[in-house]
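Dear colleague,

Here is the structure for your files. My notes on it follow below.

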Amino acid sequence: MSLEIAWLGLLGLMLAGYFVLGGYDYGAQMLHPFLRDEHEESKPEKASGGNAALDAIAPFFLGNEVWLVAFAGVMFGAFPHLEGTLLSGLYPLIVAILAGLVLGNAAVQLRRRARGVRGRRAWDALIVFGGAVPALCWGLVVGLLLHGVPRRADGSFHIGFGEVFTPFVLVCGIATILLFAAHGAGFVALRSERETAAKARELGGKLLLGAGAAAVVALLLTFVGSGASMTNRGVSGVIAGALVVALGVAWWSFTGGHEVRAFVATCCATALPVLLVGAGHYPYLLISSAGHGLDIHDAVTDDATLKILSVFGVLVVPTILAYQAWSWWAFRGRTGLRHPSYF
Amino acid sequence: MSAAELARLQFAATTGIHWLFVILTMGLVPLVAFMHTRAAYTRDPAKKAVRERMTRFWGQLYVINYAVGIVTGLVMEFQFGLSWSGLSKFAGNVFGAPLALETLIAFFAESTFLGMWIFGWGRLRRGVHVTLIWLVCLTAYASAYWILIANGFMQHPVGYEVRGGVAYLTDFGALLTNEMSLTALGHIVLAALTTGGLFVAGVSCFHFLRGTKETELFRSSLRLGTWVAMLASFFVVVVGELQRPIIERTQPMKNAVLDNSGVAEVQRRLVEQFGPGDYVPPQGWIHLSMNAMTLIGNTISTITFIAVFLLWKDRLVRWRPMAWLMVAVIPFAFVASVAGWVVREMGRQPWIVYGHLTVEDALSHVSRASLIASCTVFIAIFVGLAVTNWTLITRFAVRGPDATQLGVTEPLAEALPEQPTGGSEDKQPVPAF
């Protein structure tokens, strides 16, 4: 396996990690007004504004968002030529994602510092906004990358309303926002007290039906030729099939009350779109709507730089995975017992 | 405004506001880590309780401040690709590596460990919990190192060669030991410690002025803050001066502007070297910023030097004008540090990579309309968040240790039998005095 493929794999791992971990954050953020623990209304903690969904994600929240930063960092380090083209090309969407992210992220951290109920309501609205906007926009980005972007002769591209407001891209956006919401529900179901968990399971099942329906529409659009135009049809078919299976298993587990299985399935479903973009287009990282596009050799950094980065990567990546796993283990179990709440 | 000016404004606003939170993060985290260590290993239960309250009080202010630091940091990571794709085209092979390593080695760990520290009160073993805050501190400083390696390359490129209009990395060691990076790192680390020390000392003075009952907590904080600020502010001036000979060697134009002599002569030489163009950075801004930084730096150094002597027998807080001065001086440290960045970054204009690529040439092909929209969105959000965050920091600083929410374990936990995962040390009952 060559170094550049290993780094492409790492880039994919970072983005997939972000979709899985950031995805449940966004889901829990979007659903948090609907997942209040009813017992809390009468408890004194209500005055301090505790919320079951936010308590569920709290200890992992700061460690989840950084997967996106690491994705950007790896892209800049290993694929600088992709970074410059991709981010400036997707300018409006990236700005929207960042704006949502900044507001939502700050709101989650500062919500409990608000003095009164009104202040907290304002933060609550920002928390929902900051979950919904990135989730929707990442879906649009995935849709655009699957479909191809309008590259010019010099390799740069710009997206406008015409590219984003196509049925396929919009359907991808809707599928992603619903999927992230369901995934968040799955996480809350796993971490909250029984009653909240039951409510989250019910919500998750309904949301998955919506996500599944949108995904089927996206597939149909692809079959009639106005959807994704994949480079590797066979591989893409297998991954798309796996995605449908994951959605099905997740729905079945939600309705059957199997929380762990449901969450594992939604994890797969949120990670698979990244694999679909990567493996489905390989060796291209960006495809053009008219013909081929930017391939891995155009995008990758110089060999000497890649070797140096690899020395660090071999040491650092396992370390990252180890301490992230440690943090998941340290805060395992349902919230409420010996879990200090702060966010 | 032209597209280039808008993109510069957007970048400057993001970096500038990010920095205002970073400097306090870097200044407070070692102090919080020190307080936490001392609290964790104190035996006397009454003293231990005070020191733990102290850690949680300052720790919470640090964590509130961190919220805006991390979100602006997220945006920073994307700024280069959004508006300066020319930079990644020319220098991506060299410049991308330190940024990638910063995210993987430092940012990732800092954020994960901080999350664990915030939620680890009463849940993690004492030694582990203290280690976490030191790891947060270490990675915060590692982050500063890698960012300054990237910044140093823009100021004074080293360890590379240009082939076919693209820079290639040839000497990684040279890149990592760039003198332009290391002296600046020393300067900003000391500036951050000065700011952190002043913040702790000033807030403590405020509580004494209001007749706090928590005298032991705030006396101890005041001592720590004043000593740190005094030592750091003395050396920040010294290390700042160390940068001048390097600037003289590597950036003749910045040097000429700072000396206010020979600007026309250097302009003529640069035209000979790089072709026609305006190589003079905005002189008014640089002079103003340099003067502000120098004046504030020396004033802070003097005030804290006097303050250290006044710590004896609490004279510092008994002499009210001096105590108010310690409160009033807090914002000036932030002003001085931003002024320092203005000198460094404006003084490098028109270059984005000194001597190779100009800011104009590095601009992405993004339309002016998109830039106006994104600039407005980002600046509105960042200014709004910064003001909100400072209001919250002030409110919690003023309310004092009683209002601390960080590390408050739920009453439920007390009633339960000991769980195998928690440390028993943290749960000892504290006699009330």
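**Notes on the model**

In chain A, residues 24 or more positions apart account for 79% of the contacts with a separation of 6 or more. Please bear in mind that this is a predicted model.

Confidence in chain A comes next. Its mean pLDDT is 87, with 93% of the residues at 70 or more. Over residues 41-47 of chain A the pLDDT is below 50, and beyond near neighbours in sequence this stretch has 4 contacts in the model.

Chain A contains 12 helices and 2 strands. Read from the N terminus, its elements run α-α-α-α-α-α-α-α-α-α-β-β-α-α. The globule rule gives 20 Å for 343 residues and the radius of gyration of chain A is 20 Å, so chain A is as compact as a globular protein of that length. The C-alpha trace of chain A spans about 65 × 45 × 35 Å along its principal axes. Of its 343 residues, 59% count as buried.

Helix 9 of chain A covers residues 233-256, which is 24 residues. From first C-alpha to last it reaches 34 Å, close to the 34 Å expected at 1.5 Å a residue. Its buried residues include A:Ile239, A:Leu243, A:Leu247, A:Trp251 and A:Phe254. The buried residues of this helix pack against helix 8 (194-223) and helix 10 (259-281) of chain A. Just after helix 9, A:Gly257 has a positive phi of about 85°.

Helix 13 of chain B has 17 residues, 330-346. It reaches 25 Å between its first and last C-alpha, close to the expected 24 Å. Among its buried residues are B:Phe334, B:Gly340, B:Val342, B:Val343 and B:Arg344. The partners of the buried residues of helix 13 are helix 1 (3-40), helix 6 (179-209) and helix 10 (283-310) of chain B.

Last, the interface. Here 63 residues of chain B are in contact with 60 residues of chain A. On the chain B side, at least two residues each come from helix 2 (45-83), helix 3 (85-119), strand 2 (166-169), helix 15 (368-399) and helix 16 (411-415). Which element of chain B gives the most to this side? Helix 3 does, with 24 residues. By type, the chain B residues that touch chain A divide into 38 nonpolar, 20 polar and 5 charged.

Regards

Methods:
Residues numbered from 1 in each chain as written. Chains lettered and ligands numbered in written order. Predicted model: local features only at pLDDT ≥ 70, side-chain atom pairs only at ≥ 80, totals over all residues. Contact = placed C-beta atoms within 7 Å. Helix = DSSP H or I, 4+ residues; strand = E, 2+ residues; numbered from the N terminus. Nonpolar A, V, L, I, M, F, W, Y, C, P; charged D, E, K, R; others polar. pLDDT = per-residue confidence, 0-100. Rg over C-alpha atoms; globule rule 2.2 N^0.38 Å. Buried ≥ 20, exposed ≤ 12 C-beta atoms within 10 Å, placed from the backbone. Expected span 1.5 Å × (residues − 1).
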